[in-house]
Amino acid sequence: MTTTAPTRTVLERFPAGHPRGSWPADEYAATQRDQGRDAHVVMDLATDQFLVITDTIR
């Protein structure tokens with residue numbers, strides 16, 4: 001049996017230095033979830049950004 005690992009797709013990027021912190025990223029992810037997309041926020045330490053991502057199966 002072969003399994004396919006999910007691939008993460010970055011939907012949007014938000015700077016971590018934003019005055020509202022992760023709120024813009026969280027709000028964008030919530031909007032995407034309302035539209036049926038399984039989106040969540042992660043922190044990319046290398047670029048100092050909040051990323052809104054979704055897992056896709058290839």
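How many residues does helix H1 have, and how far does H1 reach from its first C-alpha to its last?

The structure is a predicted model, in which local features need pLDDT of at least 70 and side-chain atom pairs count only at pLDDT 80 or more, while totals for chains, interfaces and linings use all residues. Residues are numbered from 1 along each chain as its sequence is written, and side-chain values use heavy atoms, with hydrogens and water left out.

1. Helix H1, which covers residues 23–34, has 12 residues and reaches 16 Å from its first C-alpha to its last, close to the 16 Å expected at 1.5 Å a residue. The expected span is 1.5 Å times one less than the number of residues in the helix. Just after H1 comes Gly36, which takes a positive phi of about 95°.

2. The protein chain as a whole has 1 helix and 3 strands, where helices (H or I, at least four residues) and strands (E, at least two) are DSSP runs numbered from the N terminus. Read along the sequence, these elements follow the pattern β-α-β-β. Of the 58 residues in the chain, 21% count as buried; buried means under 20% relative accessible area, exposed means over 50%, and partly exposed lies in between, with a 1.4 Å probe and protein chains only. Among contacts between residues at least 6 apart in sequence, 54% join residues at least 24 apart, a contact being heavy atoms within 4.5 Å.

3. Which residues of H1 are buried? They are Pro24, Ala25, Ala29 and Gln32, and they cover an arc of only 135° around the axis, which puts them on the same side of H1. The arc is taken from the directions that run from the helix axis to the C-beta atoms. On the face of H1 turned away from this buried side, the exposed residues Trp23 and Asp34 are found.

4. Gln32 in helix H1 deserves a separate look, and it counts as buried because its relative accessibility is 8%. Leaving aside neighbours within four places in sequence, Gln32 is in contact with Leu11, Arg37 and Ala39.

5. The largest nonpolar core has 7 residues in all, namely Leu11, Phe14, Ala25, Ala29, Ala39, Phe50 and Val52. The elements that give two or more residues to this core are strand E1 (6–15), H1 and E3. A nonpolar core is a set of buried Ala, Val, Leu, Ile, Met, Phe, Trp, Tyr and Cys residues joined through side-chain atoms within 4.5 Å. Val52, not counting residues up to four places away in sequence, touches a list of residues that includes Leu11, Phe14, Ala25, Ala29 and Ala39.

6. Phe14 has its place in strand E1 and is buried, with a relative accessible area of 17%, whereas Tyr28 is partly exposed at 26%. Leaving aside neighbours within four places in sequence, Phe14 is in contact with Pro24, Ala25, Tyr28, Gln49, Phe50 and Val52. The C-alpha atoms of Phe14 and Tyr28 are separated by 9.8 Å.

7. How many aromatic pairs are there? The count comes to 1 aromatic pair. The rings of Phe14 and Tyr28 have their centres 6.0 Å apart and their planes at 55°, so the pair is tilted. Under the rule used, rings of Phe, Tyr and Trp (its six-membered ring) pair if their centres lie within 6.5 Å, and planes under 30 degrees apart count as stacked, over 60 as edge-to-face and the rest as tilted. Because Phe14 lies in strand E1 and Tyr28 in helix H1, the pair ties together parts that are 14 residues apart in sequence.

8. Thr54, found in strand E3 (residues 49–57), counts as buried at 6% relative accessibility. A polar atom of the Thr54 side chain lies 2.9 Å from the backbone oxygen of Asp38. Not counting residues up to four places away in sequence, Thr54 touches Thr7, Arg8, Thr9, Leu11, Arg37 and Asp38.

9. Two loop residues complete the note. Gly21, in the loop between E1 and H1, is partly exposed at 24% relative accessibility, and its C-alpha is 8.9 Å from that of Phe50, although Gly21 and Phe50 are 29 residues apart in sequence. Asp48, in the loop between strand E2 (39–44) and E3, has a positive phi of about 55° although it is not a glycine, and Asp48 is partly exposed, with a relative accessible area of 44%.

Technical notes: A polar contact is a pair of N or O atoms within 3.5 Å; within protein, one must be able to donate a hydrogen and the other to accept it, and residues adjacent in sequence count only if both atoms are side-chain atoms.
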